[in-house]
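Subject: Structure handover

Hello,

Here is the structure you were expecting. My notes on what was found in it come after.

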Amino acid sequence: MLVADLHHFLDVGPETPGPARKLAEHLSAIVAAASAGDAHIRWETALPCRRRPANRACLGRITVACAQPEQPIDWCCSHCGDHGTISNWAASIYDLRRQQLSATEPVRDIVVDAATAAVLRSLPFLDKDCQRAVFAIRAYDESLHLALTDTELDELIDALAAEANHEPNRRRQRQLDSAYDHLAAATGQPRW
Ligand SMILES: [Zn+2]
């Protein structure tokens with residue numbers, strides 16, 4: 001059980017050793033997901049488990065229960081049982097709770113693969129609504145579901161195109177292009 005205080009992980013920079021930086025990224029992503037989801041019951045995020053039992057990646061995903069702001073977030077791997085709590089998360093930069101009720105726009109449900117979900121999480125400069133949609137990607141029925149409005153979908157597609165244009169690393173550029181194609185194809189899908 002990992003008991004963490006988010007405040008201890010906020011000053012992570014390029015000089016921080018790899019394992020500490022990875023843990024900080026893991027914990028901040030859990031905070032973003034837990035605060036992005038509206039549900040009051042435990043749900044399964046798109047975040048992969050970080051453990052590697054016997055040197056093979058655990059295939060589980062992180063489940064979270066959205067906490068009251070003054071309570072720690074409680075997370076758990078769906079597969080290996082790795083679990084922990086994160087306190088002091090509210091009002092941090094990773095807190096994606098909605099501050100006000102937004103106008104009701106129709107919402108699409110787009111099934112994405114794990115690679116697309118990971119690329120979307122890595123995009124810089126997304127606005128809060130897009131970040132919330134990306135971190136609220138939910139695993140059920142054996143797939144990952146991205147729920148978002150047309151406005152948010154357009155913004156994500158633009159962000160992927162902009163990032164791919166500036167990306168010197170060919171491998172990451174291919175990942176960005178593939179996520180772009182995936183979302184662009186979804187714009188032809190009917191809404192529900
Ligand atoms: Zn696991």
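The buried residues of α1 are covered by elements including β1 (2-5), β2, β3 (61-65), β4 (73-77), β5 (83-87) and α3 (128-135). Those buried residues are L27, I30, V31, A32, A33, A34, S35 and A36. Buried here means 20 or more other C-beta atoms within 10 Å of the residue's own, exposed means 12 or fewer, and partly exposed lies in between, with C-beta atoms placed from the backbone. Helices (H or I, at least four residues) and strands (E, at least two) are DSSP runs, numbered from the N terminus.

This is a predicted model: local features need pLDDT of at least 70, side-chain atom pairs count only at pLDDT 80 or more, and totals for chains, interfaces and linings use all residues. Residues are numbered from 1 along each chain as its sequence is written.

The 19 residues of α1 should span 27 Å at 1.5 Å a residue, and the end C-alpha atoms of α1 are 27 Å apart, so the two agree. The expected span is 1.5 Å times one less than the number of residues in the helix.

The largest nonpolar core has 45 residues, and I30, V31, A33, I73, I86, F135 and I137 have the most contacts inside it. Such a core is a set of buried Ala, Val, Leu, Ile, Met, Phe, Trp, Tyr and Cys residues joined through C-beta atoms within 7 Å. Its largest share, seven residues, comes from α1. At least three residues of this core come from each of domain 1 (2-87) and domain 2 (108-186); the domain bounds come from an automatic or database domain assignment.

Ten residues of domain 1 are in contact with twelve of domain 2, where contact means that the C-beta atoms, placed from the backbone, lie within 7 Å. On the domain 1 side, α1 (18-36) and β2 (43-48) are the elements that give two or more residues. The centres of the two domains, taken over C-alpha atoms, are 20 Å apart.

Leaving aside neighbours within four places in sequence, I86 is in contact with A4, L6, L27, I30, V31, P72 and I73. H7 sits in the loop between β1 and α1, and counts as exposed because it has 11 C-beta neighbours inside 10 Å.

Overall, the protein has five helices and eight strands, and 28% of its 192 residues count as buried.

Regards

Terms used: Contact = placed C-beta atoms within 7 Å.
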